[in-house]
Amino acid sequence: MDIEAGGFLRSPGYGSDHVFETGSERDENHGELKEKLAEWVENGAFELDVQWVDLRGEAAVTVLSSRLQGSVCLDALATVAVGGCHLGDEGTLVLLKALRSARCASLSVVDLFFNQITAAGAASIATVFDAWHRGCPSYLGLAWNDIGDDGAKALLPLLLHPSLTALSLANCLVTQRGALMLADHLAGNATLRSIRLDGNDDIAKSTLETIKSRLVKAEGEDEEDAEKGSEEAAGDDLLPPESPTAGFS
């Protein structure tokens, strides 16, 4: 299999030349993909980064998910970045269920930007998180998906999830109606510190201010520190290159 720039798993103890492409020949090389994943996972992979790799249909997401579910050595995995992979609602659900089953003790970031996730997919995500306790990520990135107001409504339980501290809904077609639902639900917030809503242009400033006032500020953190910390929590570096960098927190 040719090695190309693209998706890779990185693991401690390996040099930068240990890169496994999951793109151009993936459908013809699932056997080799399984072997490589087994090698990476069993050696303590800490970052799964396959951004912009096409994982539609019979693509590698099935193999990735199967390997995650079958592993007992994923305590080091901290970041899963699968933005721009054409996962859709079904692929997203398969991958999240696999991550939940894997019980990754160190998992902190799951970024699913630009994956054609709809309101139905958002409802599935909320269902997965409802039963996700040990190894649940603290940051969930859903930017540049077709979430809309119905999807925002489906995601309301996530706002009060005990593990989630940062959520990105930037450029997700959320309007004033969806933002009002978010604001109302955040009245009972005790954990969420950051929510990205930039790129959703139909939200009133007063509603944004209400949402901001209901986010949790860390103890001893002043306004400037809170703004800086929330930008870091939002995972700007995991958003697609053309996305705006300005966040709302």
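This is a predicted model: local features need pLDDT of at least 70, side-chain atom pairs count only at pLDDT 80 or more; totals for chains, interfaces and linings use all residues.
W132 is buried, with a relative accessible area of 0%. The structure holds 4 aromatic pairs, and helix 3 packs with helix 4, as helix 6 does with helix 7.

**Aromatic pairs**

- A pair of aromatic rings is described by the distance of the centres and the angle of the planes.
- F114 and W144 form a tilted pair, with 6.5 Å centre to centre and 50 degrees between the planes.
- F114 lies in the loop between strand 4 (109-111) and helix 4, and W144 in the loop between strand 5 (139-141) and helix 5 (148-154), so this pair ties together parts that are 30 residues apart in sequence.
- F114 counts as partly exposed at a relative accessible area of 29%, and W144 is likewise partly exposed, at 26%.
- The pair of F129 and W132 is also tilted, at 5.1 Å centre to centre and 50 degrees between the planes.
- A cluster linked by ring pairs comprises W52, F113, F114 and W144.

**Helix 3 with helix 4**

- Helix 3 (residues 88-102) and helix 4 (residues 119-130) pack at an angle of about 10 degrees, and their axes are 9 Å apart.
- Because angles under 35 degrees count as roughly parallel, helix 3 is roughly parallel to helix 4.
- Helix 3 contributes D89, T92, L93, L96, K97 and R100, which meet A120, G121, S124, I125, T127 and V128 of helix 4.
- The contact of these two helices has 5 nonpolar, 4 polar and 3 charged residues.

**Helix 6 with helix 7**

- Helix 6 (residues 176-185) packs with helix 7 at an angle of about 25 degrees, the axes being 9 Å apart.
- This angle makes helix 6 roughly parallel to helix 7, and the crossing is left-handed.
- On the helix 6 side the contact is made by Q176, A179, L180, L182 and A183, and on the helix 7 side by T207, T210 and I211.
- Of the residues in this contact, 5 are nonpolar, 3 are polar and none is charged.

- T207 is placed in helix 7 and counts as buried, at 4% relative accessibility.
- Leaving out residues up to four places away in sequence, T207 touches Q176, A179, L180 and A183.
- A204 is found in the loop between strand 7 (194-196) and helix 7 (205-213), where A204 is partly exposed at 29% relative accessibility.
- The C-alpha atom of A204 is separated by 8.8 Å from that of T175, 29 residues apart along the chain.

Key:
Residues are numbered from 1 along each chain as its sequence is written. Side-chain values use heavy atoms; hydrogens and water are left out. Helices (H or I, at least four residues) and strands (E, at least two) are DSSP runs, numbered from the N terminus. Buried means under 20% relative accessible area, exposed over 50%, partly exposed in between (1.4 Å probe, protein chains only). Contact means heavy atoms within 4.5 Å. Axes are lines fitted to C-alpha atoms, for helices over the stretch in contact, and angles run from 0 to 180 degrees between N-to-C directions. Angles under 35 degrees count as roughly parallel, over 145 as roughly antiparallel, 65 to 115 as roughly perpendicular and the rest as oblique. Ala, Val, Leu, Ile, Met, Phe, Trp, Tyr, Cys and Pro count as nonpolar, Asp, Glu, Lys and Arg as charged, and the others, Gly among them, as polar. A crossing is left-handed if the near helix is turned anticlockwise from the far one by less than a right angle, and right-handed if clockwise. Rings of Phe, Tyr and Trp (its six-membered ring) pair if their centres lie within 6.5 Å; planes under 30 degrees apart count as stacked, over 60 as edge-to-face and the rest as tilted.
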